Amino acid sequence: MSTITCHQICKTFRQGDEIITGLDHVDITIETGEFVCLSGPSGSGKTTLLNAIGGLDTPDSGEISMGELRIDQLQRGPLADMRLHHIGFVFQAYNLIPVLSAQENVEFVMQVQGMATRERAKKARAILAEVGLEGLEKRRPAQLSGGQQQRVAVARAIVSQPDLVLADEPTANLDSVASAQLMELFTHLNQDHHVTFIIATHDKRVMRYARRLIRMQDGRIICDEAQG
Amino acid sequence: MLSVANLHLRTLLTLSWRNLWRNHRRTGIMLGAIAIGVWAMIFMTALMRGMVDDMLNQGIHNLPGHIQVQDPTYLDDPNVVNSIAAPGAELRNQLDQLGAAAWATRIKVPAVIASERETRGINLIGIEPAVEASISGLPALLASGRFLESDQDSGIIVGARLAERLETRLGKRVVIMSQDPDNNIRERGFRIVGIYRARLPALEEFNVYAARETLQKLLRIEGRISQLILVGDDYRDIAPLYRRLDQLLPSTLQARTWYQVDSYLAAMFNMMDGFVLVWVIIIFLALSFGLVNTLVMAIFERVREIGLIQALGMRPGLIVCQILLESLLLLLIGLGIGNGLALITIKPLESGLDISVVAEGMAMMGASSILYPKLTTADLLLANSIVIVLGILTSILPAWRAARLDPVRALNTT
């Protein structure tokens with residue numbers, strides 16, 4: 001995984017006649033293995049920045065690079081490939097595929113990557129056990145609680161050991177115990193496997209795990225500090 | 001590479017199959033529509049094909065034959081002068097080995113028939129009784145009396161309507177007059193030994209049948225005939241037989257296929273395939289609205305999910321494939337049911353569907369009042385191919401639009 005560099009990123013949205021500023025000349029560099037939290041009020045640009053780094057949204061101007069690769073210039077296909085092989089997403093609303101079971105949801109990315117059946121099934125079951133969902137592999141999302149669904153989504157995001165995990169309010173629907181377990185897992189992956197984490201959150205409990213805290217407001221970075 | 005493609009296919013198949021059944025009712029309704037549409041395509045095509053087949057076969061029987069060989073001037077002037085030499089032993093042997101289902105020689109000249117009361121113009125036809133059943137099916141049309149028993153039989157067979165017009169009946173004598181090659185009038189008395197009923201009333205009034213050798217003697221054309229008639233295995237596939245025959249014949253003789261002899265029959269034959277294609281396409285167009293609507297609704301309900309799988313790294317092309325696969329599965333299941341329904345409804349009707357309420361109209365068209373549905377492999381393949389190909393084509397636009405969704409907007413859809 002290479003350094004992520006954002007240079008003068010701007011992004012606006014139109015809502016009727018109104019122009020909303022999503023990102024306003026954002027500059028940021030994130031090194032491999034960092035554990036970064038983006039905080040700020042709603043509408044500060046946290047999700048927009050995550051989407052831009054993840055290639056889900058194209059900035060109006062500026063450059064986003066992952067090493068030598070200019071993400072902002074990639075076409076849809078190569079962007080999809082980049083996400084598939086290098087990035088894991090955890091969304092606020094769990095976003096599981098409803099017609100697939102928990103295990104199948106976790107296996108989905110590995111299946112698209114082309115991993116062999118036995119290997120990916122083994123990995124999927126292992127990661128589900130790690131997030132505390134052993135025995136629930138065959139259940140469909142509708143048969144799982146909100147917390148369980150979020151854990152399936154997290155398992156899906158990390159099972160193929162991506163270089164970068166982008167998480168948008170991952171603990172929003174979890175209780176404190178589950179949140180703590182989730183953050184412990186993230187920390188373990190970050191420290192032992194050098195997975196880079198960028199987490200957008202309001203949750204102070206989550207912020208405590210971050211080694212770098214970036215505060216945003218009105219699409220700008222107003223504070224960027226290391227944490228102990 | 002292949003194993004990755006295989007894995008992708010399995011992933012897509014799993015997603016497509018399960019997505020198909022997310023809304024049982026909608027999928028069930030669409031399947032029903034496809035099945036009924038396909039059934040209608042195949043069933044009606046089989047009925048029409050059977051009707052036209054019957055008309056063509058009847059028309060060809062009346063010509064008669066799939067191929068006719070005669071003097072080039074004979075068709076324009078069916079005069080006894082324009083006769084040809086009867087085939088010798090060598091040619092007969094070659095004709096036997098040609099691969100025709102049957103062949104026969106014929107005399108066919110204009111003549112006059114006179115009873116005690118009436119006189120009529122007719123076509124006097126000299127036949128070979130032993131093979132006539134394979135040529136025109138005349139023996140099966142006999143309503144009363146007997147068929148000619150040999151090439152020298154002295155009886156004649158007339159149509160029921162002609163017998164009425166002549167005010168004569170079975171067993172009575174009539175006189176037949178015609179001309180020989182020297183333009184001398186030749187006449188002879190014949191006893192009516194058989195009366196036939198044809199589908200076309202006009203044929204009953206004009207065609208009178210006698211034994212070939214008897215007519216050759218009457219007209220003083222021993223060793224000569226008007227036509228050589230050949231019948232193949234399938235009127236649709238006559239060209240190979242025609243080519244082989246053409247190589248045997250001298251340039252003084254002209255061989256013509258049934259579609260060259262009768263342009264009306266040829267037009268009907270050519271029109272049928274085009275008609276089937278148009279019919280199938282029209283049915284499909286009616287189905288396509290439902291299919292597109294089903295797909296569009298299915299995609300509309302899954303916008304967020306499509307955004308998710310984009311975010312997870314599924315390429316736009318794979319998303320298109322997944323949706324097309326869903327459409328294909330729907331079509332295949334509908335086709336399976338429709339084909340099954342068609343087969344089980346056509347099978348019992350193979351013994352004939354009686355539509356005698358419209359018998360007179362059918363007779364005017366040269367068709368029987370009993371319809372025999374005819375299901376051909378070509379028609380079956382055509383209907384299924386059209387549904388699949390056009391179905392997939394119809395699905396491309398919704399699938400493409402789904403793959404082009406903005407992932408962020410799609411994910412934020414409630």
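The sections below take up the basis of the description, the sheet and the contact.

## Basis

This is a predicted model, in which local features need pLDDT of at least 70 and side-chain atom pairs count only at pLDDT 80 or more, while totals for chains, interfaces and linings use all residues. Residues are numbered from 1 along each chain as its sequence is written, and chains are lettered from A, with ligands numbered from 1, in the order in which they are written.

## The sheet of chain A

In chain A, 6 strands make up an open sheet of mixed pairing, in the order β6-β7-β8-β3-β9-β10; strands (E, at least two residues) and helices (H or I, at least four) are DSSP runs numbered from the N terminus, and two strands pair if DSSP finds at least two bridges between them. The edges are held by β6 (87–90) and β10 (220–226) of chain A, each of which has a single partner strand, so one side of each lacks a neighbour in the sheet.

β6(A) runs parallel to β7 (residues 164–168) of chain A, joined to β7 by 4 bridges, and Val90(A) is placed opposite Ala167(A) of β7(A).

## The contact between chains A and B

Chain B and chain A each bring 19 residues to the contact, where two residues count as in contact if their C-beta atoms, placed from the backbone, lie within 7 Å. On the side of chain B that touches chain A, α1 (2–20), α12 (303–312) and α16 (407–411) of chain B each supply at least two residues, and α1(B) gives the most, with 6 residues.
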